[in-house]
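Please look over the sequence and the model shown below before reading on.

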Amino acid sequence: MDQQRLLDSVSSAQLKTDVPHMAIGDTVSVHTRIVEGDKERIQQFQGVLIARNGGGINTMITVRKIVDNQGVERVFPLHSPRIAKFEVVRRGDARRSKLYFLRERSGKSRRLRDRRRGMHHYEIEMQGGAEPAKG
Amino acid sequence: MGLSLLGTKVGMTRVFDEAGVSVPVTVVKVGPCVVTQIKTEKVDGYNAVQIGYGEIKPRNSTMAMIAHDGKAGADPLRHHREFRVTAKEIENYTVGQRLEASALEGLVYIDVISTSKGKGFAGVMKRHNFKGMPATHGTERKHRSPGSIGGRATDRGRGNQKAGIRMPGHMGAERVTIRSLEMVRIENEKGLVLIKGSVPGANMGLVELRTPTRLYRSKAAKQKAAGK
């Protein structure tokens, strides 16, 4: 086996298979498991998916939301067992892979159009068998 | 006393532990190493086990080495190392025996020996972590220079520099030992060992894994609890 395959074989068991298709620009809700003492609860973080970095087990996603008029971004490891679930709340239209320009936007211009370029994303979901978009 | 195995650095990745914490790991493909010779006190003056690892084309080896490996029933081997054992331990080894990653089972910590990546002729900031000179306040063309390397008084008037002054020069491509690295997991069927953190050298490079020679008290206690 070559080097990359060996590395992949180490991480493959931990890769999630139930991640819904999330495109850049979508509004997603990330359900994080938080352990306090011996209790566990779920915390949600909902915002726009503005970037996806890395590949394989190293995939990181950046989610941006506005709290009290202050932009907050969190970076999540996509395959971390501490993340219970990803949920796509709304499909957004983005023409680039990194939406860092949203950081300079304020007010209404911050919003992204709804995805309406054909049914492309639905087709992907059907093939992938992931959960369908809501709304 | 000890055990040494040879392997190849595969690369780095991450694993998530039970708590969900991301642990950076270096993957090393270990063995199979063949025991090519057993040295005994009586014959050689000391007790040691010699192992060989890695394929080599016969035409790139020598007749002497090919025959030496052949005695152990192995194809020509690229690398050979030996490690000392006690007179008692030596009975556990036979010529031709194959040592795999499973031989490291039961160990928690491990020493890793490898050749570091060559950095070429490096300046003092990179090579010895000097601070360099200020960026501004009148500094000209000396931002990364070592500064003073001693005056007439330090060499007691002999005119040559004091020995051992750290200076620019060749960096890297040398044997580096990192002691007591934690082993995260051993994947026997693939012969892989996952070591926490980084390991010297480039990917595809030769790596020697050795039973730890010295452990800090806390690590020794952990090792003892794990057995072996």
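Two strands are said to pair if DSSP finds at least two bridges between them, and the strands themselves (E, at least two residues), like the helices (H or I, at least four residues), are DSSP runs that are numbered from the N terminus. This is a predicted model, in which local features need pLDDT of at least 70 and side-chain atom pairs count only at pLDDT 80 or more, whereas totals for chains, interfaces and linings use all residues. Residues are numbered from 1 along each chain as its sequence is written, chains are lettered from A and ligands numbered from 1 in the order in which they are written, and side-chain values use heavy atoms, with hydrogens and water left out.

In chain B, four strands form an open sheet in the order β5-β4-β3-β6, and their pairing is antiparallel. Its edge strands, each of which pairs on one side only, are β5 (77-84) and β6 (98-99) of chain B. Within chain B, the antiparallel strands β3 (residues 33-39) and β4 (residues 48-55) are joined by five bridges, and I38(B) stands opposite V49(B) in β4(B). In general, the strands of a sheet pair through backbone hydrogen bonds, either parallel or antiparallel.

Turning to the interface, 16 residues of chain A are in contact with 19 residues of chain B, where contact means heavy atoms within 4.5 Å. The area buried between chain A and chain B is about 1500 Å², and carbon and sulfur atoms give 62% of it; buried area here is the accessible area (1.4 Å probe) that two parts lose on being put together, summed over both. Of the area that chain A buries against chain B, 39% is supplied by Q3(A), L7(A) and V10(A), which is more than any other three residues supply. Helix α1 (residues 3-11) of chain A gives six residues, the largest share of the side of chain A that touches chain B.
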